[in-house]
Amino acid sequence: MHVIWNKDKISRLTPIEKEQWFDCLNYRLEEDRNISLLDPFIADKQRGIKNDYFKYIESCASADNFYKYYIESQDDKIISVCRINIHDNRYILEGLQTHKDYYRNGFASKLINNMIYDLKKDGIKTLYSEARTWNAASNQLQQKLGFIKYGQHELNNLYKLDVETYIKKQLFNQWASNYNQSVIESQKSDTYPFAGYSEIKYQIIELIIAKSSATILDMGIGTGEITDPLYRLGYDITGVDFSQKMIEIAKEKMPKASFIQGEFSEALIKLKSKYDFVIFNYAIHHLSYDNQIMLLENIREYLNDNGIIIIGDVSTMTQEEMDRLHKKYEPIWDDEEFYPILEKYQLSTLMKAYSVKYMQLNEVAGLYQFIKKTTF
Ligand SMILES: C[S@@+](CC[C@H](N)C(=O)[O-])C[C@H]1O[C@@H](n2cnc3c(N)ncnc32)[C@H](O)[C@@H]1O
């Protein structure tokens, strides 16, 4: 069970709740504090530690920088805890601890997952955390949870996590196993969002096979629906996706392809070569327009001469057309997606780096080619 202790709840904690919280944090931790179990003063020392902890939890009820404690429990026993404190307007994850008898059972991941949904409800966009540089387990956990290392301060690695991205990734993991089916159904009914998906797929493959060999980077590869036929024709494929489940499905189809699991811009810096084609099929709309433009600009340096970025997506030529589409599909429109609009790109700095070709395939879908300019 997931429970949240805000300041009000902390001011009313029962003695049993405090005992359980203390036990979760301190069970068998004597060794970690260099206290020998044979120490004749161990009972005194333990009482002293417990007193300090109780004083701390009680102080949270009135501490300015305390935000919330998050608790995962089972059969009325507290198993995993963490708290958020606020420093310099940053929400910082601290004190993540699982009861020693329950390590490696997924409680910490579950706790963090529930906590992130609560942060999203509260409108918090970024969560920060730190891990001792030498603590491999803690660093691994941060990375597994999706935190990205952005620096180091003294003995700590500094991490941050984008709340929206985390939640989107979860949704894609859940969607992965029936993603293909939902594309087929949306296509069959010829409606937003996937009307024209097969036509886009056909056009992308035609464009690429005009070259007898090519290196291809598929950004947001999903289940590998677009690049699998090219893989089977012998093209060199690298797939990027932040969803582990999507990558697992794509990998089954393309065992010898390369994959990078991560967010688009994070994956870019891991690339070791340049590509002839970079594909975003129904993927770039997950970024804001500003981030789309920034990412497309950054990709230029990973494109070979004459390299092309291909974008297939829900798309229109003008904002007005997009507004009309939105109105028509209002009940099923996804307000968290930012579909490509030709005029938006044309009015942006992208035109310095690329020349653009555009094809409107039907009322919903469009296909872009951004061709790398030789001079920039
Ligand atoms: C709608 S699916 C499209 C999949 C595939 N390109 C296709 O055409 O079938 C979008 C994919 O992009 C991935 N994705 C979305 N936002 C991402 C991001 N910011 N970084 C990395 N992958 C992302 C999702 O996990 C998902 O697999």
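**Stop 1: strands S6 and S7**

Select strand S6 (residues 148–153) and strand S7 (residues 156–162): they pair in the antiparallel sense over five bridges. Pairing here means that DSSP finds at least two bridges between two strands. Strands (E, at least two residues) and helices (H or I, at least four) are DSSP runs, numbered from the N terminus. This is a predicted model, in which local features need pLDDT of at least 70 and side-chain atom pairs count only at pLDDT 80 or more, while totals for chains, interfaces and linings use all residues. Residues are numbered from 1 along each chain as its sequence is written.

Now pick Ile148. Its bridge partner in S7 is Lys160. Go to the turn next. S6 and S7 form a hairpin with two residues between them. Glu154, in that turn, has a positive phi of about 50°.

How many of the six residues of S6 are buried? The count is zero, and S6 is hardly covered. A residue is buried if 20 or more other C-beta atoms lie within 10 Å of its own, exposed if 12 or fewer, and partly exposed in between; C-beta atoms are placed from the backbone.

**Stop 2: the whole chain**

Zoom out. The chain has 15 helices and 14 strands. Its C-alpha atoms fill a box of roughly 80 × 45 × 40 Å, taken along the principal axes. Of its 376 residues, 32% are buried.

Colour 2–124 as domain 1 and 178–372 as domain 2. These bounds come from an automatic or database domain assignment. The C-alpha centres of the two domains lie 44 Å apart.

Among contacts between residues at least 6 apart in sequence, 62% join residues at least 24 apart. Two residues are in contact if their C-beta atoms, placed from the backbone, lie within 7 Å.

**Stop 3: around the ligand**

Which of the 19 residues around the ligand come nearest? They are Phe172, Gly220, Gly222, Ser243 and Asn281. Helix H6 (163–175) and strand S9 (236–241) are the elements that give two or more residues to this shell. H6 gives the largest share, three residues.

Colour the shell by type. Nine residues are nonpolar, six polar and four charged. Ala, Val, Leu, Ile, Met, Phe, Trp, Tyr, Cys and Pro count as nonpolar, Asp, Glu, Lys and Arg as charged, and the others, Gly among them, as polar.

**Stop 4: the nonpolar cores**

Select Ile216, Met219, Phe277, Val278, Ile279, Ile309 and Ile310. Of the 54 residues in the largest nonpolar core, these touch the most other members. Strand S12 (residues 303–314) gives the largest share of this core, six residues. A nonpolar core is a set of buried Ala, Val, Leu, Ile, Met, Phe, Trp, Tyr and Cys residues joined through C-beta atoms within 7 Å.

Centre on Val278. Leaving aside neighbours within four places in sequence, Val278 is in contact with Leu217, Met219, Ile299, Leu303 and Ile309. A second, separate core has 27 residues, including Ile10, Leu119, Ala131 and Tyr159.

Move to Phe264, in helix H11 (residues 264–268). Phe264 counts as buried because it has 23 C-beta neighbours inside 10 Å. Not counting residues up to four places away in sequence, Phe264 touches Met219, Val240 and Leu295.

**Stop 5: backbone exceptions**

Most residues other than glycine have a negative phi, and most peptide bonds are trans.

- Asp76 has a positive phi of about 65°. Find it in the loop between strand S2 (66–74) and strand S3 (77–87). Buried or exposed? Asp76 is exposed, with 8 other C-beta atoms within 10 Å.
- Tyr282 has a positive phi of about 50°. It sits in the loop between strand S11 (275–281) and helix H12 (289–299). Tyr282 is buried, with 22 other C-beta atoms within 10 Å.
- Tyr192 and Pro193 are joined by a cis peptide bond, with omega about 5°. Pro193 is in the loop between helix H7 (179–188) and helix H8 (197–209).

**Last stop: strands S13 and S14**

Select strand S13 (residues 354–360) and strand S14 (residues 365–372). They pair in the antiparallel sense over seven bridges. Lys357 stands opposite Gln369 in S14. Follow the hairpin that joins S13 to S14 through four residues.

Key
Near = placed C-beta within 6 Å.
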